[in-house]
Structure formats: structure tokens, C-alpha cells
Amino acid sequence: MPWLTGFVSLVLVIALILLTRYGVKFVEPYLVRGRRTRDLSIIESLALDQRRKLSLFRCKGRTGLILTGGGNDVFLGWTDETPPPPAFVLPETDLDD
């Protein structure tokens, strides 16, 4: 009968491991709530290759673009800025004359 005690113990340990796994998934949203911030969030992310990832994020109402992975991380800029005015504007001319 010692084999029966060992088998029941093994089944009990496996059941506890599985219950712990699902228990953590159930409790995780409550644990993450404290780390959430309203000022910073990832909007979308795109994997370019195995190492590099392009991410669109929002920080304090502004949207930015960042390239991560590879040798270094690069901030590509804010995407919601107004474009700069053109350097040279042609004067309007009337072509009907």
C-alpha cells in the first residue's frame, strides 16, 4: 500500500499546481490594477522581425512611435504633431489675364 500513498500524493501535488496556475490568472487583474497608469498606454504593437518591434503608445494625450529591439531602442517621434509650414510658398497668380 505505500505505492497508493505515493500515487495519491503525486496527484494531489499536480492538482495544487494546476489550481495555483488558474488561481493566479483569476487574481492577476486585481494585482495589476495598482500598476496601471492613465498617462501611459500601448495602443498597438507590430513585430517587424524576430528582434525588432514597432510600438505606438499614448503618453499624456500625445501619441508617439518607438522602435525597440536589435542593438538599441529608438524614439521615432510624436505622431500627432502638426506638420511644419512649408519653407517657401508661391504667390497666387491669376492665369486668366
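The paragraphs below go through the hairpin, the rings and the charges in turn.

This is a predicted model, in which local features need pLDDT of at least 70 and side-chain atom pairs count only at pLDDT 80 or more, while totals for chains, interfaces and linings use all residues. Residues are numbered from 1 along each chain as its sequence is written, and side-chain values use heavy atoms, without hydrogens and water.

Strands E3 (residues 62-68) and E4 (residues 74-78) pair in the antiparallel sense over four bridges. Strands here are DSSP runs of E with at least two residues, numbered from the N terminus, and two of them pair if DSSP finds at least two bridges between them. Leu 65 is opposite Gly 77 in E4. Five residues lie between the strands of this hairpin, where Gly 69 has a positive phi near 100°.

The structure contains three aromatic pairs. Rings of Phe, Tyr and Trp (its six-membered ring) pair if their centres lie within 6.5 Å; planes under 30 degrees apart count as stacked, over 60 as edge-to-face and the rest as tilted. Phe 57 and Phe 75 have ring centres 6.3 Å apart and planes at 50°, so this pair is tilted. Phe 57 belongs to strand E2 (residues 53-59) and Phe 75 to strand E4, 18 residues apart. The rings of Phe 75 and Trp 78, with centres 5.4 Å apart and planes at 70°, are edge-to-face. Phe 57, Phe 75 and Trp 78 make up one aromatic cluster.

One salt bridge is found in the whole structure, a salt bridge being a side-chain nitrogen of Lys or Arg within 4 Å of a carboxyl oxygen of Asp or Glu. Arg 52 forms a salt bridge with Asp 49, their closest N and O atoms 3.1 Å apart.
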